[in-house]
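Colleague: I am new to this one. Could you show me how to read its features, step by step?

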Amino acid sequence: MVVKAELHLHLEGSLPPSLVTKIAKRNGLVVPSDIFGENETFLWADFLHFLKVYDKASFVLRNAEDYREMTYDYLARTAQMGSIYTEMMVSPDHAALCGVSFEEHLAGVVQGIDDARRDHSIEGRIIMTCVRHFGVEKCINVAKNTVKYLHPYIVGFGMGGDEAGFPPAQFAKAYQIAHEAGLGCTVHAGEMVGPEGVWEAITHLPVTRIGHGVRSIEDPNLLAALRDRDITLEVCPGSNIALRVYPNFASHPLQKLRDAGVKVTLSTDDPPYFDTTLTREYAIAKEHFGFGENELLEMTRNSLEASFVDAVTREKLLAKVGI
Ligand code: ADE
Ligand code: ZN
């Protein structure tokens, strides 16, 4: 089994329907059944609808134990697939909407990471993530709280949500707060918007990684800029096909980006929504892009090198990759 690592995973988006249902029951909540598909998947029609279904499922998370269980469940499952490291995006705004404080949801995620390390030898770190369509002020607030309640496991700051409706430059202040506190920064860009979205992100935000960034392939000058600035792309091929960023793997630019000298990595994004797993993403790279074992290990290595984890832990993890 190839050793794996993952940089782009929305923790709330990792909840499979069975766990949503279990947690809902524990909290005396009823989840609308029209959000569930067959075989542990969700039903949604397009990107904006996906975001709404994601909000409905996340709505069951009501206390630290829910966050602990969600974190442990994902890390334990993905460790069975050969993963040694997951960087998890967590949304304090989703917690707040359910009456869970920043400190409480953080405590749950931290406990989940510790429990998973004890039982499954996998390491985890947190990227506090704001939601662009909740607005600039809310994003600044997430950045301020991240700095206020900084914990050694919080290593990064990120932003997801409606990319087309909310371009990145207006969020510069939120990123500045996180960056000045020493956090690594990443942002979703070049997923629902073309290369101009990535240009704006790397021009106005202190990012060393881009979530997705796949549409950078449309602009050779941008590819050169990504290369020159050593920016790593968090590529999620299964997500891109499910959300119809590309019609099929044959037209997906993973291999072309790599050939252009841009650092690429493999992640799942929101696995049950896109009917994927980390194993499947590595299998996609093998079957559709011809990656051999060395190229797959290169993806793992790229992930660890671009991760926001501390240097000592990174070296320990890289030693496990064995190349
Ligand atoms: N939030 C969760 N998944 C996302 C994605 N793929 N793009 C933007 N925001 C998200
Ligand atoms: Zn994402």
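Modeller: Keep in mind that this is a predicted model. The site of the zinc ion (ligand 2) is irregular, with angles of 86 to 170 degrees among its four donor atoms.

Colleague: Which residues coordinate the zinc ion (ligand 2)?

Modeller: His 8, His 10 and His 188 each give NE2, and Asp 269 gives OD, at 2.1 to 2.2 Å. Along the chain, the donors of the zinc ion (ligand 2) are spaced H-x1-H-x177-H-x80-D. Distant parts of the chain are linked: His 10 lies in strand β1 (residues 4-10) and His 188 in strand β5 (residues 184-189), 178 residues apart.

Colleague: Are His 10 and His 188 buried or exposed?

Modeller: Buried means under 20% relative accessible area. His 10 has 10%, so His 10 is buried. His 188 has 6%, so His 188 is buried.

Colleague: In what order do the strands of the open sheet come?

Modeller: The eight strands run β1-β2-β3-β4-β5-β6-β7-β8, with parallel pairing. β1 and β8 (263-266) stand at the edges with a single partner strand each, so one side of each has no neighbour in the sheet. From one strand to the next, the twist averages 25 degrees.

Colleague: How many bridges join β5 to strand β6?

Modeller: Four, and β5 and β6 (residues 209-212) run parallel. Ala 189 stands opposite His 212 in β6.

Note on methods
Residues numbered from 1 in each chain as written. Chains lettered and ligands numbered in written order. Predicted model: local features only at pLDDT ≥ 70, side-chain atom pairs only at ≥ 80, totals over all residues. Heavy atoms only, no water. Donors = N, O, S within 2.8 Å, 3.2 Å for Na, K, Ca; no water. Tetrahedral: all angles 85-135°; square planar, octahedral: opposite > 155°, others 65-115°. Helix = DSSP H or I, 4+ residues; strand = E, 2+ residues; numbered from the N terminus. Buried < 20%, exposed > 50% of the residue type's maximum accessible area, 1.4 Å probe, protein only. Pairing = 2+ DSSP bridges. Axes fitted to C-alpha atoms, helices over the stretch in contact; angles between N-to-C directions.
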